[in-house]
Amino acid sequence: MTRFSPRAILLASAIAVAPLSAAWAETPADVLVVAHTIDDIISLDPAQSFEFSGNDVTQNLYSRLVDFDPLNLEAGFQPSLAEKWEVSEDGKTITLTLREGVTFQSGNPVRAEDAAWSLQRAVKLDKSPAFILTQFGLTPENVDQMVKADGNTVSITMDQPYAQSFVLNCLSASVASVIDKETVLQHVEGDDLGNAWLTTNSAGSGPYALAAWRPNEVVQLTAFENYFGGAPKMKRVIVKNVQESSAQRLQLEAGDIDVARNLTPSDIEGVTGKEGIVIKDEPRGRILYMGMSQRDPLLSQAPVQQAMRHLIDFEGMANSFLKGQWRIHQNFIPEGYLGASDENPWTYDIEAAKKILTDAGITGGTITTKVRDLREYLDVAQTLQASMAQAGLTLNIEQMTGAQVLDAYRAREVPIFLGEWGPDYADPQTNAGTFAWNPDNEGKGSTLAWRNSYAVPAAMQEAVKAATLEGDSDKRKQMYLDIQAEYRANAPILPLFQRVEQAAMRDTVKDWSAGGAVTSVMYHQVSKGE
Amino acid sequence: MTRTAPTGGQALPPAGAAPVPALPPAPGSGRLAATGRRARALGGILLSLALTLLGLLLVTFIIGRVMPIDPVLKVVGERATPEQYEAARQAMGLDQPLAVQFLTYIGDVLRGDFGRSISTGHPVAEDLRRVFPATLELAAMGTLIGVLAGVPLGVVAAARRGGWVDQIARVAALVGYSMPIFWLGLMGLLVFYGILGWVGGPGRQDILYDGMVPEVTRLLLIDSALAGDWGAFRDAFGHIILPASLLGYFSLAYISRMTRSFMLEQLSAEYITTARVKGLSEGRVVWGHAFRNIAVPLVTVIALSFGSLLEGSVLTEIIFSWPGIGSYITKTLLAGDMNAVLGGTIVVGVCFIGLNVLSDLLYRFLDPRAA
């Protein structure tokens, strides 16, 4: 038998492996490679897509009547496929005039007819995001009369004179994307209006076309050179599904990707200051909140709700396990939205909490709640458990999967709910309409207030309704500030933190925008240079 | 002369898989009768295959339905109104009795329709065509490494019992059994990809080669070799070698220990003493006599090891962003996406049964008595 010395074996394996070195120092100059967790995409049809990663894709495949400027999100919605609009005297009809000379990626012209059909289609399909349009009184039955194309204008008639800003903010949502009618009609199956085909294909006029979507693996986009906003600088965008933060970090350091979007606080700390890597902090729209169910005998008592406001160690959490990725925000409208408030009055004060409870004659109590088995939520729950214990309250935590907690929450069976709420469109009503809206507390509902059995005071609900109809933006803003002041004082649902996305990227990447608080990621303005 | 009796076949899950019945010698009858018997035997195999699969599907289906996970929520989202929720539930057929749901599904599968996955939006058949080759390629490479290293290691460890090779094999197996794959995978990536840059990073290939090689088998190594694109081949190899070595290491630990114990049993047998007395070289005694006699049980061990890798190694797939069937089934199961889970179960079940039949056929080839 031939015998090999250990040294010979080592040498042989080194020779065998060494030529495999595949990593390059950087990605090609006109290709943007992003690592992200994209396993939540279930459809790329704008009338159905409602997940974060799905909207990140449709945002770039399609254009809408109005859109955001990625380099100036604060300016709010801007003319996009519509170049101007006007509101009728009764305030119930908005008529938008389409830009001339714009084409879809197929080469077909973008017509008012396409815009009207796209909105009608979303209402008729009635998928998850359809309510963004149906809240204006549109139904599958009446939408053909309410949304009409005439020449190069499209008019939308509503059941009430809603605020112009409210309507246009909703038209900037993914569900209002303008779709190439002629192309989609070639792929209709039964009465699906092309839904099955559009789930995995694209027919838009946005800056990128879909080259490939392999679920849980990759999304590839190719630039649409005739994009009406100018040819995108990055000719290809590749979004790889990389679930592990440390794997994203390794690839970023090796230069195999340009942007890593899901690094944990410790990996962010690890790459901070490394040559060639920069971190961009961007506040997003998601709110981490705590709901106290009013079905719970203890939590339904006002003094307990007040005491709980002092039992949350905001600073401690924001400076430790939430560091950099969540910041204190005690209001339900996120920063970046009309009417956002930066007042954060609640402070961590065990003694104050104890005093409130003692004054009310509450000497103790036990609450058993369900928490999703995500590290962040469990850490928050355990921090709360510790501070509640100091005030004489016992919190028992049952860990379960997200789906199980959600099931229980929908059945109004979670005493203390810890979770996130992400806005559905760029208007404050998206959050006001769920945190402070519960028209039928005894019946069936689906708003956050209903799930916490919080009977929102009639005056507050009227204020929420009135804010959607207020045409003057300054007045509208003040209305939301007032609603939130009242909410901070008395509501049993406590907004705690607002999400901050920390994207780590090669320093060659310029003008990256994840879409801020109001929208999804945009690629067409991104460039790479020295 | 003693021989180790075949131990495999029936040990392979899922229980009840089809062994190949031995054909009795034809008593002077014509070719027609022999063909008839073969056809009956083949029919028997197919029937037991079908029953096994049906049982597997039934169990999976019931588990999927009793799980406290609501697939409707995945479709309508958490903000849906009760009316939207109910409409989706009916559209998905979930308001029907369980038996009706199951029979409808089986009917669709028989027509070749595996349905659409609610968590990927794609037809399940298309998803499986994508994720299964990824796992097959990884499992095959892993097993190859496990066999090429584990079998010689086990044989040498037994032949030189107590020697340094035996000690190394023991430590390697111990570490292989006890080290968390998650940690080992991350360390492997850090050292061989992050620091040394010897291998490719997570994923099956680099973006430069993505979509460049025509899809024939969907096994990247084979497809790139068929296309003669050696750059793509080297890139695919550079990506697969680390996760495959990791999986190979775990199967090495198992294969080498089993090989060693099979060999020890043979080496203490009388025919080995006879062979030595006759003056045969040690190499001939070990490889020519003892090793040939462990081939049959070894086939079972290797098939078992390959089978377990084919189910997919979920953690390895997650660390290496490997789009395989393990993470596909896990993810879809957690979403209550039963079309996808059942489709994946059929593929894995067929693989196990196929491996079972294959190892039975190999016994006949390796063991003259079974032929």
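A residue is called buried here if 20 or more other C-beta atoms lie within 10 Å of its own, exposed if 12 or fewer, and partly exposed in between, with C-beta atoms placed from the backbone. Helices (H or I, at least four residues) and strands (E, at least two) are DSSP runs, numbered from the N terminus.

This is a predicted model, in which local features need pLDDT of at least 70 and side-chain atom pairs count only at pLDDT 80 or more, while totals for chains, interfaces and linings use all residues. Residues are numbered from 1 along each chain as its sequence is written, and chains are lettered from A and ligands numbered from 1 in the order in which they are written. The model scores ipTM 0.80 and pTM 0.86.

**Stop 1: strand 9 of chain A.** Select residues 218–223 of chain A, where five of the six residues are buried. Two strands pair if DSSP finds at least two bridges between them. Next, show strand 10 of chain A, which runs antiparallel to strand 9 of chain A and is joined to it by five bridges. Here A:Val218 has A:Lys240 as its bridge partner.

**Stop 2: the two domains of chain A.** Colour domain 1 (6–256 + 507–528) and domain 2 (283–500) of chain A separately; these bounds come from an automatic or database domain assignment. Their C-alpha centres lie 31 Å apart. The contact between them takes 20 residues from domain 1 of chain A and 19 residues from domain 2 of chain A, two residues being in contact if their C-beta atoms, placed from the backbone, lie within 7 Å. On the side of domain 1, helix 6 (residues 164–171) of chain A gives the most, with five residues. By class, that side has 12 nonpolar, eight polar and no charged residues. Ala, Val, Leu, Ile, Met, Phe, Trp, Tyr, Cys and Pro count as nonpolar, Asp, Glu, Lys and Arg as charged, and the others, Gly among them, as polar.

**Stop 3: the contact with chain B.** Select the 41 residues from chain A and 47 residues from chain B that form the contact. Among the elements of chain A that each supply at least two residues are strand 1 (31–36), helix 8 (195–200) and helix 15 (402–410). Helix 9 of chain A provides the largest share of the chain A side, six residues.

**Stop 4: the nonpolar core.** A nonpolar core is a set of buried Ala, Val, Leu, Ile, Met, Phe, Trp, Tyr and Cys residues joined through C-beta atoms within 7 Å. The largest one has 244 residues, and A:Leu65 and A:Ala436 are among those with the most contacts inside it. Helix 9 (residues 230–267) of chain B supplies the largest share of this core, 19 residues.

**Stop 5: confidence in chain B.** The chain B average is 84. Over residues 1–28 of chain B, pLDDT stays under 50. Where pLDDT is low, the predicted coordinates should not be read in detail.

Technical notes:
pLDDT is the predictor's confidence in each residue, from 0 to 100.
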